[in-house]
Amino acid sequence: ANFKNFVRSGLTLRAEQRLRVDVALEIGSVSERVRVTAEAPMVQSEQATVGSTFASDEFTRLPLGRNALGALLVVPGMTQGTRGSGGTEFVNGNVNGSRESMGNYQIDGVRGQDTEQGEVGTVPILEAIEEVVIQTESYSAESGHGATQVNVTTRGGTNELHGTLFEYFGNNVLNATNFMSNLVGAARPIVRSNTFGGVVGG
């Protein structure tokens, strides 16, 4: 007698996540196979981490611009900070009441920021990012210090040439007027923004 073959598909394991699959060994003939196709459960009982995960295609659907760290602005618990948005600090805001520089930023598991001021050394371009995992509470000790954990996972290379062209278009004719401007009859601010470029890689 042999054990039945067991195949489980449809599961996705992201960075900073744990996945448990329970398998029952059943006696069966060589020709028998058990195939289960299902998505991972929405509730993870293996860890109590609170956070958000952003896949690469989500950055093109969210108004975050070309900066992957802009995803922090849509994470629950994030509030706008007082530091200038033009700087290179880790977060222009506070997460759950923490200081703006109390974040841990990693690229493929390697620390990617200044240890004194928390300034980010580099942020990969969107086309090179596979996913961004942001943890704000109850993360494991292996994540290191910081009130917020951000782990950027880059895409693996291939043997083929790929390219991307993009344009980010902004114009005031597409923008709504805020309440106070309507109240005093002020015109909408003039906005003319065309950010375009291209990326070629393997």
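Two strands are taken to pair if DSSP finds at least two bridges between them. Strands (E, at least two residues) and helices (H or I, at least four residues) are DSSP runs, numbered from the N terminus. The model is predicted, so local features need pLDDT of at least 70 and side-chain atom pairs count only at pLDDT 80 or more, while totals for chains, interfaces and linings use all residues. Residues are numbered from 1 along each chain as its sequence is written, and side-chain values use heavy atoms, with hydrogens and water left out.

**Confidence**

- The protein chain has an average pLDDT of 76, and 78% of the residues reach at least 70; pLDDT is the predictor's confidence in each residue, from 0 to 100.
- Confidence is highest in helix 1 (residues 179–184), at a mean of 88, and lowest in strand 4 (residues 33–37), at 60.
- Where pLDDT is low, the predicted coordinates should not be read in detail.

**Overall fold**

- The protein chain contains 13 strands and one helix, in the sequence order β-β-β-β-β-β-β-β-β-β-β-β-α-β.
- Among the 202 residues of the protein chain, 29% count as buried; buried means under 20% relative accessible area, exposed over 50%, and partly exposed in between (1.4 Å probe, protein chains only).
- Of the contacts in the protein chain with a separation of 6 or more, 61% are between residues 24 or more positions apart.

**Strand 11 and its partners**

- Strand 11 (residues 148–154) is largely enclosed by the rest of the structure, because five of its seven residues are buried.
- Strand 10 (residues 129–137) runs antiparallel to strand 11, joined to it by six bridges; glutamine 135 has glutamine 149 in strand 11 as its bridge partner.
- Strand 8 (residues 103–107) pairs with strand 11 in the parallel sense over five bridges, and glutamine 106 stands opposite asparagine 151 in strand 11.

**Second largest pocket**

- The volume of the second largest pocket is about 420 Å³.
- A pocket is an open set of points on a 1 Å grid over the protein atoms alone, with protein on both sides within 12 Å along at least five of seven lines, and its lining residues have an atom within 4 Å of a point.
- The lining of the second largest pocket comprises 21 residues, with Glu127, Ala128, Arg155, Thr164 and Val199 nearest its centre.
- Strand 12 provides the largest share of this lining, five residues; strand 12 and strand 13 (192–201) each supply at least two.

**Phenylalanine 54**

- Phenylalanine 54 is located in strand 5 (residues 50–55) and counts as buried because its relative accessibility is 8%.
- Leaving aside neighbours within four places in sequence, phenylalanine 54 contacts Phe59, Leu62, Ala71, Val74, Val75, Glu131, Val132 and Ile134.
- The C-alpha atoms of phenylalanine 54 and valine 152 are separated by 9.7 Å, although these residues are 98 residues apart along the chain.

**Asparagine 171**

- Asparagine 171 belongs to strand 12 (residues 162–171) and counts as buried, given a relative accessibility of 12%.
- Not counting residues up to four places away in sequence, asparagine 171 touches Val191 and Arg192.

Note on methods. Contact = heavy atoms within 4.5 Å. 1 Å grid on protein atoms, 1.4 Å probe; cavity = no way out; pocket = protein on both sides within 12 Å on 5 of 7 lines; lining within 4 Å. Points joined across faces, edges and corners; volume = space filled by probe spheres on them.
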